[in-house]
Amino acid sequence: MEYSKIIQLKEFYQEHLLHNIVPFWMQSDCVDKEYGGYITSVDRMGKSYNDDKSVWFQGRCLWTFSKLCNTYGERPEWAKAADSGAAFLKQYCIDQTDGRMYFTVTRDGKPLRKRRYYFSESFLVVGLAEYYLLRGNKEDLELAEKYFDLMYRIYRNPSSDPFSITPKENAAVRNLHSNANPMVLVSSAQTLRRINPKRKAHYDEIIKSLVQDMIGLHYKESLHCVLENVGMDGTILDNPTGRTINPGHSIENSWFLMNQAVYAGDEELLQQALNILRWSLEIGWDKEYGGIYYFRDLYGRPCEQLEHDMKLWWVHNEALIATLLASNLTGDSYYDEWYEKLHGYVFSHFPDKEYGEWYGYLHRDGSVSHEQKGSLWKGPYHLPRALMLCEQILSASAKGEKARNLL
C-alpha cells in the first residue's frame, strides 16, 4: 500500500472514531448519569429503549473509554465515563455469593440473569486492566488478574467446585470443546501481559497452551476451515453444531494469533493465522451481494441458525483489522485486495449517514434489518476497537514497522 494512502486511511479512521462514533455514544443515553454504568440498548438516535444493563458491556464500555484516554489523551468526559463504569461493574455485577458475574442486571444494579459461560468475567478482565492504566489503582489490576485466573481454572476443569459449569448437552454422551473459550482467554491474557509485564512469563506459558488447543483441536488444515465446536480430542461431529463455521469468530481469532506470532517470533503460527484468515474470507464472502455471512456449514448443508445469511457489524470490524494486519505483516497484495473490498463494502453499507454510528444488522442483500444502534449485544466496543487498531496498524505501516501489541 502506498504511503499516501496509508496516511489518508489513518486520518480517516481517527476522524470517523473521534467525530462520529464516540460523539454518538457520549450524546446518547449510554452513560447512565443517575445510577452509573452503561445502557447500550439505544435506538437510531441514541435514546434508550431498554434500560436493563448488559454486564458484558459494563466491561466492554469501560475498556473503550479507558482505551480512548490511554490512546488520545485523557478527556474529562471519557474519564468520567470510565469511572462510572468501573464503579458500577465492581459494585453491582459480581454475585457476592459465589464470586461469579451476572449476565444482565437492572438499571439500578439488581441481578436479573446469570449464564454458565465466563464471558462476563472476560470483559471485566480487559476493562479493569485498561482502566488500571488510566487510574493506576493496583486493586483494579489485581481484580482483573483474579478473574482471569478464575476463568482459566474453569477452562481447565469445568466441573470443579465451587464453579461447576453445566454443559449444554450431556457431557457423558457428547462432550464438546468450544473455540470461543480459548479465544477469550488468549485475548485476555495478551491484554494482561501488555499491562503487567512483571507477569510476562506466566502469561506466555498460558497463551502457549491455549494456542495449542486452538490449533490442535479446531484448526482443520485438510478442510481449510476452523470449526467452532469439536470433540474434546478434536473429532468432527457430523451435525449442525459440529459443522458450524463462524467466519467472524475465525477472522477475529486470526488476528489474535497473528498478534501472538509477531510477539513470539513464531513463523509457523503466523502462517497458520494467515491460513485461518484466508479460509474464512473465502468461505464467508457472499459472492452475489458482498459482505461476510454470519454462519456457514462445513459441507454446505443447511444452517440451523435463522440469521446465518445476515451481515453483522462486528464480523466486518474484525475483518478490517485482520486484513490490514496481514497486509502489514506480509506485504502481500492478496490481503490489500481483500482489505480494499471490505473497506468499500463496510463504509457503503453500515454507517448511518443521518444520525451517526453504524447499523448493526443487515439482511443478506445489505438492506437494514434493525435500526437500533445498540442492544445487550451491540454497543461501543467492536467498532471503536476496530477503528483504534486499524489506526495503530496504519501508523506502524507508515513507519515501515510491523504492528505489535494490539491487545
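The expected span of a helix is 1.5 Å times one less than its number of residues. The views below show a predicted model.

**View 1. Helix α9 and the residue that follows it.** Helix α9 runs over residues 247–264 and contains 18 residues. From its first C-alpha to its last it reaches 25 Å, close to the 26 Å expected at 1.5 Å a residue. The helix is mostly covered, with 15 of the 18 residues buried. Just after α9 comes Gly265, whose phi is positive, at about 65 degrees.

**View 2. The open sheet β1-β2-β3.** Three strands make up this open sheet, and their pairing is antiparallel. Its edge strands are β1 (53–54) and β3 (111–113), each of which pairs on one side only. Strand β2 covers residues 104–105 and joins β3 over two bridges in the antiparallel sense. Val105 stands opposite Pro111, a residue of β3. Strands of a sheet pair through backbone hydrogen bonds, either parallel or antiparallel.

**View 3. The open sheet β10-β11-β12.** This open sheet has three strands with antiparallel pairing. Strands β10 (311–312) and β12 (368–370) are the edges, each pairing on one side only. Between β11 (residues 361–362) and β12 there are two bridges, in the antiparallel sense. Tyr361 has His370 in β12 as its bridge partner.

**View 4. The largest nonpolar core.** The core holds 129 residues, and those touching the most other members are Tyr13, Leu128, Phe148, Trp255 and Met258. Helix α11 (residues 313–330) gives the most to this core, contributing 11 residues. Apart from this core lies another, of six residues, including Leu227, Val230, Ile245 and Leu298.

**View 5. Surroundings of Tyr13.** Neighbours within four places in sequence are left aside here. The remaining contacts of Tyr13 are Leu320, Tyr339, His343, Phe347, Leu387, Cys390 and Leu394. Tyr13 is also among the residues that touch the most other members of the largest nonpolar core.

**View 6. Thr323 in helix α11.** Thr323 has a relative accessible area of 0% and is therefore buried, the cut-off being under 20%. Not counting residues up to four places away in sequence, Thr323 touches Leu277, Leu281, Tyr335, Trp338, Tyr339 and Leu342. Tyr339 is also in contact with Tyr13.

**View 7. The aromatic pair of Trp56 and Phe123.** A search of the whole structure finds 29 aromatic pairs. In the pair of Trp56 and Phe123, the ring centres are 5.6 Å apart and the planes are 50 degrees apart, and the pair is tilted. Trp56 belongs to helix α2 (residues 55–72) and Phe123 to helix α4 (residues 119–135), so the pair ties together parts that are 67 residues apart in sequence. Trp56 is buried, at 13% relative accessible area, and Phe123 is buried at 10% relative accessibility. Both residues belong to one aromatic cluster, which also includes Trp63, Phe103, Tyr117, Tyr118, Phe119, Trp377 and Tyr381.

**View 8. The aromatic pair of Phe148 and Tyr203.** The ring centres are 5.6 Å apart and the planes stand at 75 degrees, so this pair is edge-to-face; the cut-off for that class is over 60 degrees. Phe148 lies in helix α5 (residues 138–156) and Tyr203 in helix α7 (residues 200–218). The pair thus links distant parts of the chain, 55 residues apart. Both Phe148 and Tyr203 are buried. Phe148 is also one of the residues that touch the most other members of the largest nonpolar core.

**View 9. Charged ends over aromatic rings.** The charged end of Arg296 sits over the ring of Tyr293, at 4.0 Å from the ring centre. For Lys378, the charged end sits over the ring of Trp313, and the distance to the ring centre is 5.6 Å.

**View 10. Pro240 and Arg296.** Pro240 is found in helix α8 (residues 240–243). Its relative accessibility is 23%, so Pro240 counts as partly exposed. Pro240 and Arg296 are 56 residues apart along the chain, and their C-alpha atoms are separated by 9.8 Å. Arg296 is the residue whose charged end sits over the ring of Tyr293.

Conventions: Residues are numbered from 1 along each chain as its sequence is written. This is a predicted model: local features need pLDDT of at least 70, side-chain atom pairs count only at pLDDT 80 or more; totals for chains, interfaces and linings use all residues. Side-chain values use heavy atoms; hydrogens and water are left out. Helices (H or I, at least four residues) and strands (E, at least two) are DSSP runs, numbered from the N terminus. Buried means under 20% relative accessible area, exposed over 50%, partly exposed in between (1.4 Å probe, protein chains only). Two strands pair if DSSP finds at least two bridges between them. A nonpolar core is a set of buried Ala, Val, Leu, Ile, Met, Phe, Trp, Tyr and Cys residues joined through side-chain atoms within 4.5 Å. Contact means heavy atoms within 4.5 Å. Rings of Phe, Tyr and Trp (its six-membered ring) pair if their centres lie within 6.5 Å; planes under 30 degrees apart count as stacked, over 60 as edge-to-face and the rest as tilted. A charge sits over a ring if NZ of Lys or CZ of Arg is within 6 Å of the ring centre and within 35 degrees of the ring normal.
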